[in-house]
Structure formats: structure tokens, C-alpha cells
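Dear colleague,

I am passing on a structure to you with this email, and I would be glad if you looked through it before reading my notes below.

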There are 2 protein chains.
Amino acid sequence: MALIVQKYGGTSVGTVDKIQGVADKIIATKNAGNDVVVVVSAMSGETNRLIDLTKKIDPNPDPREYDVVIATGEQVTIGLLCIALIKRGCPARSYTGSQVHILTDSAHTKARILDIDEARVRQDLKEGRIVVVAGFQGVDQLGSITTLGRGGSDTTGVALAAALKADECQIYTDVDGVYTTDPRIVPQARRLDRITFEEMLELASLGSKVLQIRSVEFAGKYGVKLRVLHSFQDGPGTLITYDDEEHKMEDPIISGIAFNRDEAKLTVAGVPDKPGIASQILGPIGKANIEVDMIIQNVGVDGLTDFTFTVHRNDYDKALKVLQDTAKKLGAREVSGDNTIVKVSVVGVGMRSHAGIASTMFEALAKEAINIRMISTSEIKISVVVDEKYMELAVRALHDAFHLEKMPTV
Amino acid sequence: MALIVQKYGGTSVGTVDKIQGVADKIIATKNAGNDVVVVVSAMSGETNRLIDLTKKIDPNPDPREYDVVIATGEQVTIGLLCIALIKRGCPARSYTGSQVHILTDSAHTKARILDIDEARVRQDLKEGRIVVVAGFQGVDQLGSITTLGRGGSDTTGVALAAALKADECQIYTDVDGVYTTDPRIVPQARRLDRITFEEMLELASLGSKVLQIRSVEFAGKYGVKLRVLHSFQDGPGTLITYDDEEHKMEDPIISGIAFNRDEAKLTVAGVPDKPGIASQILGPIGKANIEVDMIIQNVGVDGLTDFTFTVHRNDYDKALKVLQDTAKKLGAREVSGDNTIVKVSVVGVGMRSHAGIASTMFEALAKEAINIRMISTSEIKISVVVDEKYMELAVRALHDAFHLEKMPTV
């Protein structure tokens with residue numbers, strides 16, 4: 001008998017009818033011989049409705065009381081889902097984050113889980129019940145209700161799976177798995193059967209918004225097997241797991257092509273090439289609460305160097321202004337920038353042990369006459385910055401070049 | 001410094017604007033030098049919306065899970081009210097029934113309060129906070145969320161006032177107090193400054209739906225002074241308190257005229273006048289889950305007697321059928337009934353020590369040629385059943401006869 005944690009998001013439980021469909025799915029999992037713990041989000045639209053109520057009273061509502069209001073969204077869903085399960089003759093019991101002791105810190109609206117007391121859940125499972133837990137919420141040391149911030153229901157699912165040492169944590173969503181790239185751009189994009197946590201992190205942070213990054217990190221840290229599945233279609237989904245030796249030989253070299261349209265790049269040219277220059281340039285950017293993604297500094301020539309970095313496109317104007325001030329102080333030659341760029345990345349744990357990935361990538365782009373503006377690499381990823389207008393072309397060319405439409409062969 | 005418990009019902013907190021109005025009112029009470037504990041209901045319409053969701057899934061939803069869903073209504077209000085108070089610079093903290101340990105039995109959907117741990121509330125008051133508690137809900141020994149049933153927020157207010165030994169429990173509602181009768185029927189009806197618990201119980205159960213009966217019983221039992229006030233109009237309201245000696249002399253003989261249109265009467269005539277007959281007639285009625293209000297049995301003649309009782313009008317057809325079966329078994333002469341009757345009552349603790357109330361009442365009705373069909377009396381009440389068409393006339397005649405439009409004089 002396996003222990004499965006299933007998480008259903010807001011669109012999966014968006015109506016009373018959908019909740020009943022989810023109940024049927026849960027019962028099927030139980031009838032297949034599994035113990036089942038379920039984590040649910042608020043019905044879609046409900047969290048926004050509650051937020052609006054608070055904002056009408058105060059645009060910056062007290063965080064403790066904000067959490068009291070927002071946490072009701074998931075509480076409604078757990079009760080409704082248990083009513084549906086019990087009506088179908090299946091014993092079930094619901095718990096709020098507080099009732100099942102999902103202990104968090106006191107950082108209201110963005111709390112972090114510290115501990116889960118799983119004894120109560122185990123007892124219910126032993127007595128043959130399905131346990132339904134409110135996602136996205138917990139309780140702090142003072143007994144106050146906390147919320148984990150947007151998307152936190154995934155984290156609740158993973159944390160429960162870790163505490164219970166569940167065999168699998170299934171995340172039900174509105175896609176049937178993780179794809180080699182966005183099928184809207186490359187129709188031949190293929191669902192991946194398996195992907196590693198590290199690859200998933202790179203794909204998620206680069207724009208494949210299937211799973212909350214935090215929950216993937218959490219799953220990796222605690223060794224929880226994650227599976228992404230479609231709420232209303234049958235299928236095996238995508239398993240997110242460790243890059244263990246057993247599977248290594250079968251692993252594809254490249255898992256997917258990610259892209260990000262939300263970037264802008266800034267360059268300060270002709271700055272003195274001396275120690276501490278990077279922090280002198282990025283310090284004021286950080287102080288202005290601007291997050292930096294890629295950072296590139298090339299080898300200096302004649303004691304001068306060029307320094308380039310990317311920021312979120314929304315921060316472009318602000319960053320440009322900060323950088324111009326810094327450049328003046330440093331006596332730099334000039335500041336330039338471009339907010340019509342995109343980042344395209346090939347991601348795969350396989351590239352660690354395979355040479356030639358970079359050249360395949362650059363050749364493919366060159367063949368389409370796409371000029372590469374920046375390059376950045378990590379252990380399992382190569383990212384390039386290209387002009388925005390080439391984005392789709394670049395993604396398709398790379399998907400082709402690495403034959404991602406085909407199942408990988410050993 | 002006095003300690004005041006204020007309870008605001010669903011219409012008083014029905015919109016975000018009204019919640020902000022209530023916040024102003026609470027702050028005014030605090031600024032007048034009082035400690036304030038507030039109990040709130042769900043925003044009007046919200047409880048019905050939640051009930052509808054559960055009923056769409058199961059017309060008879062699991063009671064534990066039903067309570068999980070329904071209890072969110074008040075939780076939203078406590079958070080929103082605290083956000084409004086804190087925005088106004090007033091320290092405040094909200095608690096669900098579970099957080100403030102309103103311990104109840106496990107009778108989900110109609111739980112009874114067993115105990116309140118008031119230590120936490122006292123600590124907050126000591127630290128200068130306004131405490132806002134969710135009405136209508138509690139937690140059982142197992143840690144499950146319970147609800148007290150409809151109108152239970154009044155009971156929460158009274159229970160908190162009792163536990164905290166509050167100086168007064170103020171129930172804010174959409175009327176400015178308790179009246180001598182319904183002003184829609186008698187325009188001269190007068191707001192009462194004071195009324196006793198016992199009178200209030202009779203008035204409430206007879207149709208003046210200002211306060212939940214259970215909360216009045218509770219207040220009487222624990223000696224909590226209750227005051228009924230209008231949420232959005234200033235005024236002294238009506239104080240509901242003990243019939244202590246100090247005030248006895250000033251008490252009016254009659255406090256008010258109550259009426260109830262929801263009754264129907266049934267008579268079984270010519271039954272053997274022997275011990276046990278009442279239970280033989282009413283036993284089957286009780287078994288059919290029909291509640292009985294008035295019961296009248298007259299002195300028997302020739303070993304036979306007539307037996308009459310009233311039930312809720314909705315139960316009339318069912319009760320008639322049950323009674324016909326019983327009559328057959330008992331060999332009774334006939335069964336008759338009437339569902340076009342009303343009960344009109346004069347209520348007042350003063351009548352204990354004053355003779356002549358009954359005759360004044362009957363004379364007033366006779367003068368209007370209103371035929372009395374049944375009479376029933378208690379220590380502080382005389383009720384008559386008359387034809388429905390005479391109801392308004394009877395109420396006006398009695399209001400006049402006892403001069404209720406005038407302030408009572410000693």
C-alpha cells in the first residue's frame with residue numbers, strides 16, 4: 001500500500017461540480033489500494049475576492065488580520081470536498097493548517113513552514129479515512145493563523161509528503177505534465193516522463209510556470225518525489241525526482257528549452273577593471289530593490305572593462321537611472337541598455353557529461369542568423385540573450401537541433 | 001473603567017462600509033474609557049451563500065464538515081473589522097472560536113458552549129487592545145470546529161460577557177430596542193427602557209424577534225446585563241436585566257403585547273377522561289417530531305373530556321393525520337382543527353402581584369366583539385387564541401387597554 005499526497009489547485013476545485021469530480025478522482029486512488037492525503041487551494045477567484053475586501057478597507061492591511069481573512073478560502077474548499085467524499089460513502093476528515101499543526105514562522109502573508117505534526121493524519125489514515133488539508137496556511141507559535149503566500153498550496157503538499165514520508169506527491173494542475181518547451185511556440189513539444197529537481201528549477205524559474213519554485217526546492221531538499229498531472233485528463237504526467245545513477249544512462253542530454261520575455265539588459269562600458277568594481281556597480285541596484293538575473297563581465301582590455309547585467313523589464317527605467325549615477329561616479333565611458341531582449345536557455349543535467357552542447361546551440365542559432373547578445377552558463381544550463389523578435393525562431397531552432405520532439409534513446 | 005461586550009449582527013457588518021462604521025462606534029466606546037470585546041456575525045448573505053455551496057453537493061451535508069465551511073463567514077468579518085480598527089490607529093486582535101477556546105459539545109451545527117478560557121482576552125485588554133471574536137462558533141474536545149446554530153452570535157456575546165464578568169453585553173441590531181408591541185401594527189408602540197429576562201423570554205418566544213431566546217436564557221442564568229441597541233442610530237436602547245427589588249415599584253404591570261401568527265390548533269373531542277390520556281394523545285405527536293405549544297384540557301363531563309393543543313402551522317396537516325389515528329384508537333368522538341388562528345399574549349412581571357389583568361384583557365377583547373377560542377396563563381403572561389382576522393385589532397385593543405403608549409408611573 002502506497003501513501004500518496006495529492007494537491008489540487010484553485011481551477012481544479014473552482015466549482016461545486018469540479019470539487020465532485022476531484023472527489024471521484026481521490027476515491028479512485030484510494031480504491032486502487034493507496035492511502036490518500038489531499039491538499040487543496042481556495043476555489044479559483046475566491047482568494048482575489050477576499051483580498052479585494054481587505055484592500056477596500058486598507059490598501060496595506062494589517063498582515064496578521066489579512067491572513068485571518070485570506071485563510072478562509074481554503075477552509076471552505078476542505079469542508080466542501082469532505083462533504084463530497086462522505087456523500088460518496090468514503091470516510092474523510094478535513095483540517096485547517098492550524099488543526100493539523102503546520103507550524104510556521106510569524107512572517108504573515110509569506111510564512112515558512114517549520115514543522116508538521118503528522119500524528120493526527122497518520123491516525124486518520126490508520127482508521128481508513130481520507131485526510132483533506134487546507135493548503136497555503138499554517139499557524140505560528142502564538143497560535144495565529146499564517147499564510148504561505150501565493151502558490152503556497154504546492155509547498156503544503158510537499159511539506160506534508162515529506163513529514164509523512166509519502167511515496168509520491170502528485171500536483172494536479174491544468175497541464176498534463178512538464179513539456180520540452182511551450183507547445184504554443186513549438187507544436188511538436190513533448191511531455192517529459194521524468195525530469196530532475198535541478199532541471200525543473202531551471203525550467204520553472206525561466207518561465208515554465210507549472211510548479212511553484214519553492215515547492216520544487218523543498219521537494220528536492222527532502223527527497224519528495226513530485227508528479228505533475230492534469231486534473232481532468234488521465235495520463236502519467238511528469239515525475240520530478242533525483243538524478244540518481246540508476247536512471248542516468250537513460251537521461252536525455254537536454255530536457256527542455258526555456259525562455260523569458262521579462263528581461264532587459266544594461267551595460268556600463270569603459271569602467272576601471274579593478275577589484276570591487278562589480279559590487280560598486282550592483283550595490284546601488286540592490287539598494288533600489290531591483291533584482292538582477294544574469295551578470296557578465298568580460299576580460300578587461302587596457303585596464304578598462306565592460307559590465308552587463310539583466311533585470312526584470314518592469315525595473316528597466318529605474319535601473320537605468322541608478323546605473324547612470326553610478327557610471328558618473330566611476331568615470332565610466334557610457335551606459336547603454338535594451339529592453340527588447342529575451343533570454344533563451346537549454347536545460348539538462350545530461351550536459352554535465354556531454355561536450356558539444358554549446359556548439360550545437362550556437363550553430364543552430366547562427367544557421368537562423370540570430371545574433372547572440374550575451375551568453376551565460378551553469379552546470380545544467382546554457383542561456384543566451386537575443387533580440388526579442390527572434391524568440392520563437394530561436395526556441396524552435398533549438399528544439400529541432402536537440403531533437404526534443406523524439407523520445408530520448410540510450 | 002467598565003468592560004463592555006458588543007455584538008454586531010450580519011446586517012450591521014453587511015458591507016465593507018458598514019464594517020468601517022462599526023469600527024468607529026467601537027473606538028468611540030473605547031475612547032469613552034471602556035475596555036471593549038466585540039463579537040461579530042458573518043456579513044449578511046454570506047452564511048446563506050456558504051450553506052448553498054454545501055447543499056449543492058449534499059442536501060444533508062456531513063455536520064462536522066458543514067461547520068468547517070460555515071464558520072468561515074465570521075472569520076472573514078473578524079479579520080476585516082480588525083483591519084479597519086488597526087487602520088484607525090486602534091490596536092486590535094481577532095480570534096476565531098477555536099483560538100479563544102470557546103469549548104462546546106460536539107453537536108455540530110447546534111453545539112452548546114461548555115466553557116470559555118478568557119485568559120487570552122484579558123491579556124489583550126490589559127495590553128490596550130480591542131478583542132474581536134467570531135460569533136456563532138467554537139471548538140469541541142477533539143479540536144473540531146463547531147457552530148452554535150443560527151443566531152448563535154448573540155449567545156457567544158453573552159457567554160463571553162459572563163466569562164469576563166463584563167459590566168454589560170450590548171447587542172447591536174436593526175431596531176433601537178424592545179417595544180411594547182410591533183410598531184407596524186400599533187404605531188403608538190413605545191420603546192421600553194427596561195425589561196426583565198423573564199418578560200423578554202416571553203416576548204421573544206411569542207414573536208418579537210429581537211434577540212435569540214437562547215442568549216436571553218443564558219444571560220439570565222449568568223446574570224449578564226443585556227442591552228439591545230440600534231447599530232446605526234444613537235440611543236439608550238432597552239436594558240434586559242433582573243427583576244430586582246430596587247426596581248420593582250417602578251415596573252409596569254404589563255410590558256408588552258406579543259403575537260404569533262404561526263400557530264394552528266387541533267382538538268380531539270369526547271375522549272375518555274382518565275389518567276394517562278394526555279400522554280396517549282401527545283405521545284404520537286412528539287414521535288412525529290411535531291412541537292406542541294399551548295395545551296388545554298377542560299374539566300371532564302360524563303367521563304368524557306375535550307383536549308386541545310396548538311402546533312406550528314407548517315405541522316398542521318401532519319399533526320391532524322396523527323391525531324385522527326390516535327382518536328380512532330381511543331374511540332374519541334371527533335377530531336377538529338383550525339389553521340387560521342393566532343395567539344395574542346400580554347406579558348409582564350407586574351401581573352404577579354396585580355389582580356384584574358385577565359379581566360381587563362378579556363373585557364378589551366369583548367368590547368371589539370373578538371371571540372376568544374382558547375386561554376392559557378402563566379406567572380407573567382396571559383395568552384389567548386383568536387381568529388386570525390382579528391389579530392391586529394386584538395393587539396391594538398390590548399395596547400390601548402393597558403395604556404402601553406404611556407411611560408409607566410409608580
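Which residue in β20(B) is the bridge partner of S345(B)? In β20(B), that partner is S383(B). Before I go further, please keep in mind that this is a predicted model, in which local features need pLDDT of at least 70 and side-chain atom pairs count only at pLDDT 80 or more, while totals for chains, interfaces and linings use all residues. Residues are numbered from 1 along each chain as its sequence is written, and chains are lettered from A and ligands numbered from 1 in the order in which they are written.

To stay with the strands (DSSP runs of E with at least two residues, numbered from the N terminus, whereas helices are runs of H or I with at least four), β18(B) covers residues 341–347. Two strands are said to pair if DSSP finds at least two bridges between them. β18(B) pairs with β20(B), residues 381–387, in the antiparallel sense over seven bridges, and with β13(B), residues 256–260, also in the antiparallel sense, over five bridges. In the latter pairing, V344(B) of β18(B) is the bridge partner of F259(B).

A residue counts as buried if 20 or more other C-beta atoms, placed from the backbone, lie within 10 Å of its own, as exposed if there are 12 or fewer, and as partly exposed in between. Seven of the seven residues of β18(B) are buried, so this strand is largely enclosed by the rest of the structure. I341(B), K343(B), S345(B) and V347(B) point one way from the strand, while V342(B), V344(B) and V346(B) point the other way.

Turning to the two chains, chain A can be laid on chain B with an RMSD of 0.3 Å by a turn of 179° and a shift of 0.1 Å along the axis, which is the relation of a two-fold axis. The superposition is by least squares on the C-alpha atoms of residues with pLDDT of at least 70 in both copies. Of the residues of chain A, T72(A) comes closest to the rotation axis, at 2.5 Å (C-alpha).

Two residues are in contact if their C-beta atoms, placed from the backbone, lie within 7 Å. The contact between the chains takes 29 residues from chain A and 29 residues from chain B. On the side of chain A that touches chain B, the largest share, eleven residues, comes from α4(A).

With best wishes
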